Structure formats: C-alpha cells, structure tokens
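Here is a short report for a first look at this structure. Keep the sequence and the 3D view at hand while you read.

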Amino acid sequence: MGGGNDGRRTAIDGGLTCREPALPAAAGGGPARLGALFVLAKPGIVAAVALAGYAGMVLAARGTPAPRTTLVCLVALVLTAGGAALLNVLLEAASDARMARLGRRNAALRQVGTGTTLVAAGGALALGLALDFTLLPPLTGLLTLAAIIAYAVVYTLWLKRRSPYGAVPGGIPGALPVLIGYSAVATTIGFDGVLLFLVMLLWQPPHFWTLALHYREDYRRAGIPALPAVRGATYTTIMIFLYATALVPASLALWAFGCCSVRFAGIALLLGLAFLGACFRYLVATSRYRRAFAASLLYLVALLTAIIVDLVGRGA
Ligand code: HEM
Ligand SMILES: CC(C)=CCC/C(C)=C/CC/C(C)=C/COP(=O)(O)OP(=O)(O)O
C-alpha cells in the first residue's frame, strides 16, 4: 500500500520480499510519528464506523439527533474504535509483519514504537469510555465496552486465528456501533436498531472475503485461516453471493417495518442489486477482487447515507 522512495525490503517466509514503503522521514519526529499513529488507528474503518453510529442515532431519533448527544457519541465512538484498532495492531504485530499488504502499517508501527502505540490506545479507550459513562446512557458505555472486548480480544486473538468463518461472529463488534449510536439517543435498543445491526452483520463477511480473495496468499503466509485461503475461491464466492443476496431483504425490512420510506426502499433495492451485479462482474466474470471489495464499501456508505437522508429529510 503506497510506495516509498527508499523503502526497505523485508524478507517474508519463502524468500519472498516486500518493499515496505519508508514513511516520510521523521521531520522533527513529532508530526511524522503522529501521522504514523494515524495510519495505525485504521482511519478508514473508524470513519465508516462513525457513519454507522450516526445512522443508528438518526434511526432512533427518526430525524436529526440532538447536537450535544451527536457530538459526544461520535467523539467517543472515534476514540474507542481507534483505540481498539491500535490494540488490534499491537496484538497482531507478529502476523502483520508477514503480510505484504500491511507494509505501510508495519513501517508505521516501527516508527511510532509499541510503547507509544499502547499508551495512545489506552488513552483513547479510557477517554472514549469516560465520555460514554459520564455523558451518555449507561447502556451506551456497556455496548462500547462489549465492542472493544469483542474486537480486540475475542475476534483478534481467537476467532480470526481459529476459524475461516471468524468474520461472521467477528462482525458483531463491527455492527455494535449502530446500537451504540441508537442507545445514545433512545437509551434502549429498539427493533429497528436490531434490523440495522443485522444489515451490518450481513455486510461484513462479503466485505472481508472479497479482500481476502485478493490477498489469500498473504493470509496463508501469515497463518491466518481466511476463508479463501482454507476453502478456495469458488466456495468463498458462493458464500459472498449468499450474504450479498440476504442484504437485499434485510435492508428492505427497514421500509417493511415502517422505519424508512418507500423512496428509501427503492434506493436500497437498487443498491443491493448493484452490489450483486458488481460481485458477478468482479468475482465471476473476472477476478478483480479488489474492485468487489471497493464495491462493498461503496454499498455500505451509500446505504447508510440513504438511511440518514431519508430520516433527516423526513424529520426536517
Ligand atoms: C468482520 C469485520 C471486518 C473485517 C474482517 C474487516 C476487514 C478489513 C480489512 C482487512 C481491511 C483492509 C485494511 C487494510 O488493508 O489496511 C478493511 C478495510 C476497510 N474496512 Fe473493514 N472489516 C470489518 C468490518 C468493517 C466495518 C464494521 C466497517 C465500517 C462500518 C469497515 C470499513 C472498512 C473501510 C472503510 C475500509 C477501507 C479503508 C481502510 O482500508 O482503512 N470494515 N476491512
Ligand atoms: C466501538 C468499537 C470498539 C467498535 C469496533 C469497530 C471496529 C473497529 C470494527 C472493525 C472490525 C474488524 C474485524 C476490522 C478488521 O480487523 P482486522 O484485524 O481483520 O483487519 P487487518 O487484517 O487489516 O488488521
């Protein structure tokens, strides 16, 4: 990911080497190390997690949530998701070092150092949880704590390394931000929140497996039993289609149970069919797996945005 001018070469098992892009020379150390820490916090995932949390808030409010609750909840979500991501990077440093895909992340960890990364992780988690437990309903803090443990411990240390289906229960922490946002507004969990949680749960396996198809040798080398590395591309593709197909009725349920408008239903149907079409084009007609992965991200952002626009527009 990203090339560097004088990147170092790192030998990986089997003699393969990967060019690890050198991060910008530590100009004074501070800014470059801060940039490297930002890379380690998986900003893309955290940003999308914040979007999912906001969608949960809008769903609970059936419109625009209170600005104070929105600000506190989103800051806490970014801090805790970013802190959990930093913890994940520390816990996976050994296997990550064997993955060519993670060259930039490995270089960033070398630049920041494990000690600083651990302090940053602890600080972000502590601050985020303090915001949750002092300024938001108790359930919001408890759900956040559950997401941290489920992601940084249960998924990272156990599920991901034990089962090719780890991403299925591993989707629980990834889907909890929807309920974290929902509970911050409603103080409880409603059936509509559970519907959106289910959509997130069904979306994550195809999101991960499309990427894992592209990097299946990398995962094999790192000793991580990703589905394509264990069961092959054909079986994985079938599983991706099963989940992508299930996403269509799951997303339409938000309309069927009266949460979103029929206009949203039309958009959700089009998005679901477009994602299925992209899976066919990039997994069956061609083998452009990263394009299918990108399509999964586009689908998620578009669907969450459609929910937000539908409800905020209606509540306006
Ligand atoms: C079982 C759950 C999940 C797994 C296994 C998973 C796996 C991954 C992996 C391996 C990457 C590539 C990261 C990299 O190469 O640096 C990635 C990227 C991404 N994921 Fe996920 N993910 C999961 C859940 C989520 C969730 C819940 C969201 C958002 C709601 C999300 C949003 C993203 C985004 C936006 C990217 C692209 C930006 C980036 O590379 O940082 N993922 N995911
Ligand atoms: C509030 C809170 C803590 C929410 C958690 C939200 C969150 C960060 C979900 C991500 C889930 C996930 C399995 C990501 C991929 O990790 P990976 O280790 O499989 O990715 P990698 O291979 O790139 O390291």
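## The iron atom

In this predicted model, the iron atom of ligand 1 has His207 as its only protein donor. The donor atom is NE2, at 2.1 Å. Donors here are N, O and S atoms within 2.8 Å of the metal (3.2 Å for Na, K and Ca); water is not among the atoms, so sites may look incomplete. Histidine 207 sits in helix 9, residues 191–214. Helices are DSSP runs of H or I with at least four residues, numbered from the N terminus.

## How to read the values

This is a predicted model, in which local features need pLDDT of at least 70 and side-chain atom pairs count only at pLDDT 80 or more, while totals for chains, interfaces and linings use all residues. Residues are numbered from 1 along each chain as its sequence is written, chains are lettered from A and ligands numbered from 1 in the order in which they are written, and side-chain values use heavy atoms, with hydrogens and water left out.

## Around ligand 1

Ligand 1 is surrounded by 22 residues. A residue counts when one of its heavy atoms lies within 4 Å of the molecule. The closest are Ile45, Arg101, Arg105, Gln204 and His207. Helix 9 gives the largest share of this shell, 6 residues. Helix 2 (43–61), helix 8, helix 9 and helix 13 (289–315) each supply at least two residues.

By class, the shell around ligand 1 holds 14 nonpolar, 6 polar and 2 charged residues. Ala, Val, Leu, Ile, Met, Phe, Trp, Tyr, Cys and Pro count as nonpolar, Asp, Glu, Lys and Arg as charged, and the others, Gly among them, as polar. Polar contacts are pairs of N or O atoms within 3.5 Å; within protein, one must be able to donate a hydrogen and the other to accept it, and residues adjacent in sequence count only if both atoms are side-chain atoms. The side chain of arginine 101 has an N or O atom 2.6 Å from an oxygen atom of ligand 1. For arginine 105, a polar side-chain atom lies 3.2 Å from an oxygen atom of ligand 1. Histidine 207 has a side-chain N or O atom 2.9 Å from a nitrogen atom of ligand 1.

## Around ligand 2

Which residues are closest to ligand 2? They are Asn88, Arg101, Arg105, Tyr155 and Lys160, from a shell of 19 residues. That shell divides into 11 nonpolar, 3 polar and 5 charged residues. Helix 3 (67–91), helix 7 (138–162) and helix 8 (171–186) each supply at least two of its residues.

For glutamate 92, the distance from a side-chain N or O atom to an oxygen atom of ligand 2 is 3.1 Å. Tyrosine 151 places a polar side-chain atom 3.2 Å from an oxygen atom of ligand 2. Taken alone, ligand 2 exposes 630 Å², and the protein buries 91% of that. Areas come from the Shrake-Rupley method with a 1.4 Å probe; for residues, only the protein chains shown count as cover.

## Glutamate 92

Glutamate 92 lies in the loop between helix 3 and helix 4 (93–96). Is glutamate 92 buried or exposed? Its relative accessible area is 1%, so glutamate 92 is buried. Buried means under 20% relative accessible area, exposed over 50%, and partly exposed in between (1.4 Å probe, protein chains only). The side chain of glutamate 92 also makes a polar contact with the side chain of arginine 161, at 3.0 Å.

## Two loop residues with positive phi

Most residues other than glycine have a negative phi. Arginine 62 has a positive phi of about 50 degrees, although it is not a glycine. Arginine 62 lies in the loop between helix 2 and helix 3. With a relative accessible area of 34%, arginine 62 is partly exposed.

Threonine 187 is not a glycine either, yet has a positive phi of about 65 degrees. Its place is the loop between helix 8 and helix 9. Threonine 187 is partly exposed, at 45% relative accessibility.

## Cysteines

How many disulfides does a search of the whole structure find? The count is 0. A disulfide is a pair of cysteine sulfur atoms within 2.5 Å. For cysteine 260, the closest cysteine sulfur is in cysteine 259, 5.9 Å away, which is too far for a bond. Cysteine 260 is buried at 4% relative accessibility. Cysteine 279 is buried too, with a relative accessible area of 0%.
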